[in-house]
Amino acid sequence: MNLKQDTLNNDKQTAPDCSGSPEVMKVIFSRYRKATAGSSCDDFRKKTLRTRAIAQSWNRHKKNIKKGVQAITGSAEIKAGNWGNYEVSKWYECTPMSLRNEANVKWAAFNVTTGKPVKILEKEIGHFRFQEKAIGQTYLIVAYMFEPELSTGIKVTVVSAEEPKILGIDITDYHDKPITKKLAYGNIINVHVRTAGIVGHHMNITLWEDDVDGAGHSDKNTKIVKYDKPAKVGSKGIAHAQFVMSRDYAKKALKNEGKDDETHEYYVTAFALGELKASKNVNFVYPKERIAETKDKLEGKAKPKEVIPPVKKKIPVQPVGTPRAPAIPRVPHTPAAKKGITSVTLTKKGTEQVITTIYSTGLVGKNIRFKLMEDDGGSLVDDELQNKIFPITGDTFILTTNLKAIPKSWGDDYFEGSEQELFVDIEVLETEAHFESKTINVDSKAFKVDVDDANKVVTLEGSEVAKKSSSCVCKEYDLIWGNKVSCDFRKKVVAIAKGLNLPQENNEGANWLMAVMALETGRSFSPTVGTFKKHKDNSKIGYVGLIQIGKDAATDLKVNRTDLLKLNGVEQLEYVEKFFKQDKFKDKLKTKTDLYLAVNYPNACGKGTEKDYVVYDSSKAAYDDNPMFKREKDESYIDKKGVKRYYEGKKGSSYVWEFEEAINQFYEEGKNHKTPVYSCLIIGKPTNDAKEIITYYIYKAGSIEKSIPKKIKDDFKNKYQYVYIDSKYKTHNLGTFDYTTTKEMNPGNVQGNNNVELLDARQFKGYSKDNIKLKFLTWNSDSDRWYINPDCFAGLLGAMADESIDYLGFNGFSDDLAQSVGGSKSHRNGEKGDLRYLTTNKDGAATLLEDSDFDFVNQNKFNDALYLFGWGRKEKMYSENFKYGKNEKTLLNHTKHMKKLGKGGYRHHHHLHLSGFDHSLILINSK
């Protein structure tokens, strides 16, 4: 018997030693020494066999002292959406019988598709289910008691639960609404292919013109265009494509079809895994008068187009003192339907109040929008003085308006005279039906004196001279978190705090409200933030808005959450006020903690001073749903990456003192977010009326406000206006520019589903006035990378104006399809781009960081300005280390060193790469 056989036999005859005793190890190593000893003439092969046998004996001994799970059983294939069950099939021999219980076992799933195991899930039981997006992936299911041992697991492949097929194709308009009528050329259509069992696969989508009789697809039809790249089936089983219906398609249809039809029928086909499916037809109309013209062009018979000079219309100017056109008399609307508003009346009560009476049938509980309007007569646009939403409480519903609480019309007294003509516009939100009252005259002195009106003088020549007083109304509402909201928003919050009898000194109560809304909205102050968006009003799931109103609170307030989503921040504050004015909170809002408890857990409101009062414990779902209030040491831990984690499913309680700490944290943080600018100090007006066009106000202090009017004038629907406000609050109109909308680009220029806006930077020709000057002096792209995101453009213009940079070299951002081109990979969606470094010659020419004409001082100032206006916040901008003075590794402010040589390398010694723009810094002010 050789040594190897003898060792194996001895192992079989010896019971496992689970203690890992030194005696066993002594025997094994003794054998090892004997096996490797001997004279120099020993056969080397025999020595090797002896050594290997001893090593195997040692490995078996190590295995014998293991404890826990040795093997599991279960399926090696799981269908997506179905459960796979796994059980322990074998224990290590040294596992005590008392521990051989699956209740002591933990389970884990590792994704091993790439070869490197990545833990994705940990459970207490061996039941696993995977979603469709996991189809084709490979996972490893492991059971363990101490540490996962990958060698004991089962490899699992996720397969489709359904037969692979194309279910159908939907074609919608640009807004993803069903197409119910003929469309004109130039429109965009969206294609959505619904599938089963082919998530992750690609398909070819093709647009056809149907010119062959009979239903369904035929290869004899005119093939218009194939989608530019195969569309990938997403995790929900849908592939998307988009076609811009060019007039060139009409020409192609006319050429191939040979008919004079005005209506052209189009459809799409989708092809994947050997299956082809066709959609229903959608119709496009081509004007009859253009058919002959197009055919002539196709046949080479087109006549030269006559050039007609444009006619310039003289616009009459109304001289000062000329009476206005009389207001058109208004009559009450009498609806034909039985259910609805029957009439609306507006009457005066004394000199400072007006009474609106709404007569209706069947509208109790429905919401209306109340607008108090000033009739400007003739063709002038009426001014909106008040806009509020109310629920109708009876068939006769009365509203009283105190004129002293609202400013008078924007019109000046030369045209308005001593009276203003008022009427009301009532909209039933459910039906969008409008009803107007007759017009009444009221004394203009009855209105509140607006600070802006009090601070300006109109001369007989019509010029406006600003005479700003030392006080500004917006300064009176200097609240914490003020840079997140508009002046109108802050005014309303102060008024609500007063109505709730919260502390008034230094706007303390209003600051409480701001802290509560900051906490509830995650510092965004967005009226649409929350989990409700994808749910319906009858669902108990989902919260929305400034104080996260859920189903129960919405019912108490008699409002639908879908209606709250439609409101801007100032409008939604009406419901914030109504929430806190409920009887259940009467005399309980004594502290800011009480104010927050009213929102988070109303039953605890009024207990704000009882620090050890239990708001809720682990028997309530709210305990684990709100980890912010887990502030005791045993409620959290720090993981291996240094990230704070919170225990779940563990017994515990959330006390008042924990809520107090949280709301105080947001209160203190908000002090660093007071507004640095006040819009009521602005001198001058934009070129275009900001009530008609979306306007970016870019303040010297670094703030950017995007003002969105209630109604955008048709001429300005695809335009943005940019206005710079200098340190003296003087306006500088930088220009009005067109923007386009296209689909977003993901890495690799793969088209996404969301829309992005792009603006051609070449539209900006420069600005120079009153020591404010900015201009792109050189344009340096051979790949048409001229397009930038409009928000990012505001930040760039702000930095240029701040430092008077009128000699900047523009190297490019994205192309007009939001793609990254010209050798760069990250210049997608107009969010990242390149600028030349500044030179002491101020000529916009190319320079290197090491060159003598590189302007180090002004470049750092410019970088600081870029950071001030939002750049380099989400990630640092890109540059390189370079030698400046004695420092061999100088790096520009707010940048990181980005240099890689060789294949796939990159340099940033010849340009500054802009990135990391923080869009959340832009204040959205919806009128």
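This report walks through a few sheets, a helix and some cysteines in a predicted model.

Now look at how E10 meets strand E12 (residues 188-196). The two run antiparallel and are joined by 7 bridges. To find a spot along this pairing, look for Thr172, which stands opposite Asn190 in E12. As a reminder, strands of a sheet pair through backbone hydrogen bonds, either parallel or antiparallel.

## Strand E9 and its two neighbours

Strand E9 has partners of both kinds. With strand E2 (residues 77-79), E9 pairs in the parallel sense over 3 bridges. Here Ile78 stands opposite Val158 in E9. With strand E8 (residues 138-144), E9 pairs in the antiparallel sense over 4 bridges. In that pairing, Leu140 has Lys155 of E9 as its bridge partner.

Which side chains of strand E9 (residues 154-159) are buried? Ile154, Val156 and Val158 are, and they point to one face.

## Helix H15

Next comes a helix to trace from end to end. Helix H15 (residues 656-670) contains 15 residues and reaches 21 Å from its first C-alpha to its last, close to the 21 Å expected at 1.5 Å a residue.

Which residues of H15 are buried? They are Val656, Glu658, Phe659, Ala662, Ile663, Phe666, Tyr667 and Gly670. The elements that cover these buried residues include two helices, H9 (508-520) and H13 (592-600). Strand E30 (614-617) and strand E33 (653-655) are also among the covering elements.

## Cysteines

How many disulfides does a search of the whole structure find? The search finds 0.

Are Cys605 and Cys792 buried or exposed? Buried means under 20% relative accessible area. Cys605 counts as buried because its relative accessibility is 4%. Cys792 has a relative accessible area of 0%, so Cys792 is buried too.

Technical notes
Residues numbered from 1 in each chain as written. Predicted model: local features only at pLDDT ≥ 70, side-chain atom pairs only at ≥ 80, totals over all residues. Heavy atoms only, no water. Pairing = 2+ DSSP bridges. Buried < 20%, exposed > 50% of the residue type's maximum accessible area, 1.4 Å probe, protein only. Expected span 1.5 Å × (residues − 1). Contact = heavy atoms within 4.5 Å. Disulfide = S-S within 2.5 Å.
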